[in-house]
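The sequence and structure come first.

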Amino acid sequence: MAAEIVNPRSDSDAGTEQETGEPLDSFDPAFALHRGGKMAVQATVPVRDKDDLSLAYTPGVAKVCSAIAEQPDLVHDYTWKSSVVAVVTDGTAVLGLGDIGPEASLPVMEGKAILFKQFGGVDAVPIALDCTDADEIVETVVRLAPSFGGVNLEDISAPRCFEIERKLQERLDIPIFHDDQHGTAVVTLAALRNAARLSGRTLGELRAVISGAGAAGVAIAKMLVEAGIGDVAVADRKGVVSADRDDLTPVKRELASFTNKAGLSGSLESALAGADVFIGVSGGTVPEPAVASMAKGAFVFAMANPNPEVHPEVAHKHAAVVATGRSDFPNQINNVLAFPGIFAGALQVRASRITEGMKLAAAEALASVVGDDLAADYVIPSPFDERVAPAVTAAVAAAARAEGVARR
């Protein structure tokens, strides 16, 4: 299968129309690009004559099927399974649009699939599920799993996303990866490693504050702790997640158990006083006085899209390094830097799962791409840097072998 951008058709008598009767293509190039979808299935073998047909289909295909029935592992060698990922969503947390349903999520899932192909050489199939119950999603994916080498969970709302990922990891022996969590965390850690290097500090010397205790915020906190951050506190709408709060969900209770060594409580703004790092994955706006109260030489990673929690113009007044989730500012924290290479590496060695070590290796490899070009406006490479995917792929594959989860 190949994911391709489909040339928009020019016919104007199809598609959704506004009150004027004109197709939306006439008003917005995004609709023109999306007409007919952004991807297609493409054969990798020719079917030009009866001899080709007899090999690609019957009777030749029967020999391959029988061999796989006798030796199931041959499926990885004689089908696409070892190089294809299912991109699965229920449409409940799509971009910044929220719960818009499975059909409306498809343009995003198609986009994700073509990014897998473009940046990692990995084929991917968008699957939008018409159910939101965690157990139903798990059962559905388990039944689909024989067709795929891995599963990328996408745009599933918290806290169900944590349960779904955990249960799938328990039941399947293929890589399961919730990109909203781990992809964000990998790229954030890579950028933070380089920001620290630029300032002559180590991660262990930094105190970070994360705004947002959803999927991304929890995963970033876990990865920063795993990587050796000095301290990290996470704030939700009610303030810092701390063990003395009696309103915490199970996920947040666990979060409180390994974060906030300083025992902070109260608001996000109060936690920022003297902090070295701000990481925003929640939206909203952080008041400038709170940013100004951070330590000298602070880092501000305001990653909400399209409106960062701290506008770069404000952040630059008080911070040494500024990153956002937007492509029109330097230092874009973009998941596409991580997930294609992570899956390419995992599939390359037929990993049974994606471990913490593999994610840490991905972050280190991504950070290393910047090399001696490190600067305040360049702590993370561009998604179009051709060195990124190979570096991440190789690091992830090596880590999988080192951790004993590789099967080839």
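In this predicted model, one cavity of 30 Å³ or more is present. The largest cavity holds about 70 Å³ of space. Its lining is made up of His-76, Lys-81, Ser-82, Gly-149, Ile-174, Pro-175, Ala-346, Leu-347, Arg-350, Ala-351 and Arg-407. By class, five of the lining residues are nonpolar, three are polar and three are charged.

The second topic is the sheet. Strands of a sheet pair through backbone hydrogen bonds, in either a parallel or an antiparallel sense. Here six strands form an open sheet with mixed pairing, and their order is E7-E6-E5-E8-E9-E10. Strand E7 (239-240) and strand E10 (319-324) are at the edges; each has a single partner strand, so one side of each has no neighbour in the sheet.

Between strand E8 (residues 277-280) and strand E9 (residues 298-302), the pairing is parallel and runs over four bridges. Within this pair, Phe-278 has Val-300 in E9 as its bridge partner.

Two helices pack on the sheet, as listed below.

| Helix | Residues | Strands touched | Angle between directions |
|---|---|---|---|
| H8 | residues 179-198 | E8, E9 and E10 | about 160° with E9 |
| H9 | residues 215-227 | E5 (207-211), E6 (231-236) and E8 | about 165° with E5 |

Strand E8 is touched by helix H8 and also by helix H9. Which strands does H8 touch besides E8? Helix H8 also touches E9 and E10, while helix H9 also touches E5 and E6.

Notes
Residues numbered from 1 in each chain as written. Predicted model: local features only at pLDDT ≥ 70, side-chain atom pairs only at ≥ 80, totals over all residues. Heavy atoms only, no water. 1 Å grid on protein atoms, 1.4 Å probe; cavity = no way out; pocket = protein on both sides within 12 Å on 5 of 7 lines; lining within 4 Å. Points joined across faces, edges and corners; volume = space filled by probe spheres on them. Nonpolar A, V, L, I, M, F, W, Y, C, P; charged D, E, K, R; others polar. Pairing = 2+ DSSP bridges. Contact = heavy atoms within 4.5 Å. Axes fitted to C-alpha atoms, helices over the stretch in contact; angles between N-to-C directions.
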